[in-house]
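Open the model in your viewer and keep the sequence panel in view.

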Amino acid sequence: MDFYIVDVFAEDKYAGNQLAVVFGEGVKSLSDAEMQQIAQEMNYSETSFIPSSQTEDGGYDVRIFTPQKELPFAGHPTLGTAYIIQQEFIQKPVEQITLNLGVGQIPVTWTEDEDGDEILWMRQNQAEFYQTLAVDLVAETLGLEVSEIDSKFPIQEVSTGIPFIVVPVKNLAALKKAQVNLEPYSKLMEMTHSTEILVFSPEPYSPENHISARMFAPALGIPEDPATGSANGCLAGYLVQHSYFDQDEIEVKVEQGYEINRPSILYLKSQKIADKIEVMVGGKVVKVAKGQLF
């Protein structure tokens, strides 16, 4: 089996979120337990597996594992895996590739920015909104004062395939201060569908961006993630649902990973059409390494 290491949501290599993409004839014969072992060996937030270079129902079958469990969907593995499929299997420019994931078929499209750099985009499932949560428990979980959370907007569980707890804070100082305390985190998890928390601030590090965010998922073996496409899809839907920018259509750039020295940029587009909120998440992919598994 071959594998690539790519950096996703990265403006350059050694930034963004690392992903190992495993492919080749040997992948077909791997058991679930063996895929899980390889993901543990790689020890990135996620490792993806491509069982075949042939399409099924117009898409490529892909499986995604964290170091601890399989996921039905994840953002940066979707973009990074589509990139490797285009590079290795198709070997020519494409407008779209579809991945067959646990949540269904997810299309990935290609565009270029003003500098001619490729941006890969995924259309996520429609944003769904669940319960809102008490500020005091969430503040305690994140080591924040209640006053540091932006009370103008709710703390809410949102999903575009995987649920996240979306937490608005007032400023960058509060975002930088946030850190998960495991005892209240465990209590919070008993009340929610989600094990993952996305915290965001309207103050970015760089003025050309719009939002800065962090994502914590200790229960999945991810103390903090450098860039989380699935979480930012939820954020995109949240921003429109609650008119965060006083608009029902947004196009913004989000920083993530700056606090752990893996600066990442995620491109978000979202709009409300009738009673549904459509979500697109984009980013750049950079090859870092290629190797073989024995």
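Helices here are DSSP runs of H or I with at least four residues, numbered from the N terminus. The model is a predicted one.

**Stop 1: H76.** Select residues 75–90, which form helix α2, and pick out H76 within them. Is H76 buried or exposed? Its relative accessibility is 1%, and buried means under 20%, so H76 counts as buried. Next, show what surrounds H76. Setting aside neighbours within four places in sequence, the contacts of H76 are V8, F9, N17, Q18, L19, S45, E46, A227 and G229.

**Stop 2: helix α6.** From H76, move to its contact G229. Helix α6 covers residues 229–241. Its 13 residues reach 18 Å from the first C-alpha to the last, close to the 18 Å expected at 1.5 Å a residue. How many residues of α6 are buried? The count is 12 of 13, and the helix is mostly covered. Among the buried residues are G229, N232, C234, Y238 and V240. Then select S243, which follows α6 and has a positive phi, near 50°.

**Stop 3: the largest pocket.** The volume of the largest pocket is about 260 Å³. Of the 16 residues lining this pocket, select D113, E114, I119, K253 and Y267, the closest to its centre. Now color the strands β8 (104–112), β9 (118–124), β16 (249–256) and β17 (264–273); each supplies at least two residues of the lining. Which classes make up the lining of the largest pocket? There are 9 charged, 5 nonpolar and 2 polar residues.

Conventions. Residues are numbered from 1 along each chain as its sequence is written. This is a predicted model: local features need pLDDT of at least 70, side-chain atom pairs count only at pLDDT 80 or more; totals for chains, interfaces and linings use all residues. Side-chain values use heavy atoms; hydrogens and water are left out. Buried means under 20% relative accessible area, exposed over 50%, partly exposed in between (1.4 Å probe, protein chains only). Contact means heavy atoms within 4.5 Å. The expected span of a helix is 1.5 Å times one less than its number of residues. On a 1 Å grid over the protein atoms alone, a cavity is a set of points where a 1.4 Å probe fits but cannot get out, and a pocket is an open set with protein on both sides within 12 Å along at least five of seven lines; lining residues have an atom within 4 Å of a point. Grid points are joined across faces, edges and corners, and a volume is the space filled by probe spheres set on the points. Ala, Val, Leu, Ile, Met, Phe, Trp, Tyr, Cys and Pro count as nonpolar, Asp, Glu, Lys and Arg as charged, and the others, Gly among them, as polar.
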